[in-house]
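My notes follow in the order in which I checked things.

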Amino acid sequence: MPMNSKPKVLVIIPAFNEEGSIANVIRRIQAVTRHIEIDLDTLVVNDGSHDNTVEAARQAGATAVIDLPFNLGIGGAMQTGYLYAYKNHYDIALQIDADGQHNPTDIPTVLEPLLCGEVNFSIGSRYVEKTAYHASPMRRVGMIVFSKLIHLVTKQQVKDPTSGFRAADKRVIEMFAEQYPVDYPEVEVLVHMSRRGLTFREVPVEMSARAAGNSSITPIKSAYYMVKVGLAVLISATR
Amino acid sequence: MHELNVIYIFSIVFSLTFVLFVLQMVRKRKLREQYSIMWILLAVVIVVVSLKSEWLDALADAVGIYYPPSLLFLIALLFCLAYLLHLTIVLSKLSDRVVKLTQELAIYQQQERDAGEQQPPQTEEERR
């Protein structure tokens, strides 16, 4: 069902020590709002940062800043955003990284499938069309493995299942508010959705290298990532 | 058979000390009664096996274990495994609750802050 009235859209930006890039991300999102019909509210979820992420976000004019008292991990922080979206009756929640690797001008592209009411969830993908993005070999292998795993379990083709640039409709917001994986949630939630009969689609977006700060992924974590996500996906498929 | 080995005396002394320590922890409210029951039961089992070592011998004989103490090790190991599993389940549940509470608290604080920011201008208007 297409949305007739103006939908309420929340942009969730989870941030851990991103004082260097957060303000810029917020301003670029605000700039996008001026070009499209839809208002985008921005929510920064500070995941127990040790720097001035909160102040930077407030000064940049984020609609709301949630300051978690300690680090919950990406899943816990992201779910806080979805819980907020659910409590405040948003129609769509869009998640975007605080490090600047996602381009806010792609936001309308990611929102499009939801605005048409085509699917419940949309994923901004690096690989649907050829883009300038170059992932590390490790990440590439991970994405291919997860892609195959997702296909095996959900029978759906997702080329970039680890992408964190995605948007959810009301039904998915409600589901995420109730249940969301604690760590490395991106791949796992696709299976959760598929099991509940919720649909998703990929749209092509540009992605760049991080603007500032450091990625949280180290080699040991990558290994844990693969095992944990693999196990979680397989177990989800049996629920 | 009724001659007590040093190791059995040691187990009895150890078990009694262990029970006293557990009870003391409960008294100080550092350990919940529900968890203390498990540990006290364990100590009782050790004492019984130490006093009535022929029971252990008979049991070992029945299941075909030639060296009775190894049956004791087996039971102890299985008990520890089961209890550790139980603890990690409890821990998972606790972690989920902590996350949920933290999220609710942070959202609540954000709303309070928002309300606080909107409040002052209104009260100024009321004064006029």
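I count two strands as paired if DSSP finds at least two bridges between them. The model is predicted.

I asked which residue is the bridge partner of Leu94(A) in E6(A). I found Ala167(A) there. Strand E6 of chain A covers residues 166–168, and its pairing with E4(A) is antiparallel, over three bridges. I also noted that Gln95(A) stands opposite Arg166(A) of E6(A).

Entry 2, the other neighbour of E4(A). Strand E1 of chain A, residues 9–15, runs parallel to E4(A), and four bridges join them. Here Gln95(A) has Ile12(A) opposite. I have Gln95(A) facing Ile12(A) as well as Arg166(A).

Are the residues of strand E4 (residues 92–95) of chain A buried or exposed? Both faces are covered: I find Ile92(A) and Leu94(A) buried on one side, and Ala93(A) and Gln95(A) buried on the other. I recalled that side chains in a regular strand alternate between the two faces of the sheet.

I traced the strand order in chain A as E3-E2-E1-E4-E6-E5-E7, an open sheet of seven strands with mixed pairing. Strands E3 (64–68) and E7 (200–204) of chain A are at the edges; each has a single partner strand, so one side of each lacks a neighbour in the sheet. On average, neighbouring strands are turned by 20° against each other, direction ignored.

I see helix H1 (residues 22–35) of chain A lying across E1 and strand E2 (40–47) of chain A, at about 165° to E2(A). H3(A) lies across E1, E2, E3 and E4 of chain A and runs at about 155° to E1(A).

I checked its length: helix H3 (residues 74–87) of chain A has 14 residues, which at 1.5 Å a residue should span 20 Å, and the end C-alpha atoms are 20 Å apart, so the two agree. How many of the 14 residues of H3(A) are buried? I get twelve, so to read "buried" I use 20 or more other C-beta atoms within 10 Å. Among them are Ile74(A), Met78(A), Tyr82(A) and Ala85(A). After H3(A) comes His89(A), with a positive phi near 55°.

Entry 7, the chain contact. I list 14 residues from chain A and seven from chain B. The chain B side has three nonpolar, four polar and no charged residues.

Key
Residues numbered from 1 in each chain as written. Chains lettered and ligands numbered in written order. Predicted model: local features only at pLDDT ≥ 70, side-chain atom pairs only at ≥ 80, totals over all residues. Contact = placed C-beta atoms within 7 Å. Nonpolar A, V, L, I, M, F, W, Y, C, P; charged D, E, K, R; others polar. Expected span 1.5 Å × (residues − 1). Axes fitted to C-alpha atoms, helices over the stretch in contact; angles between N-to-C directions.
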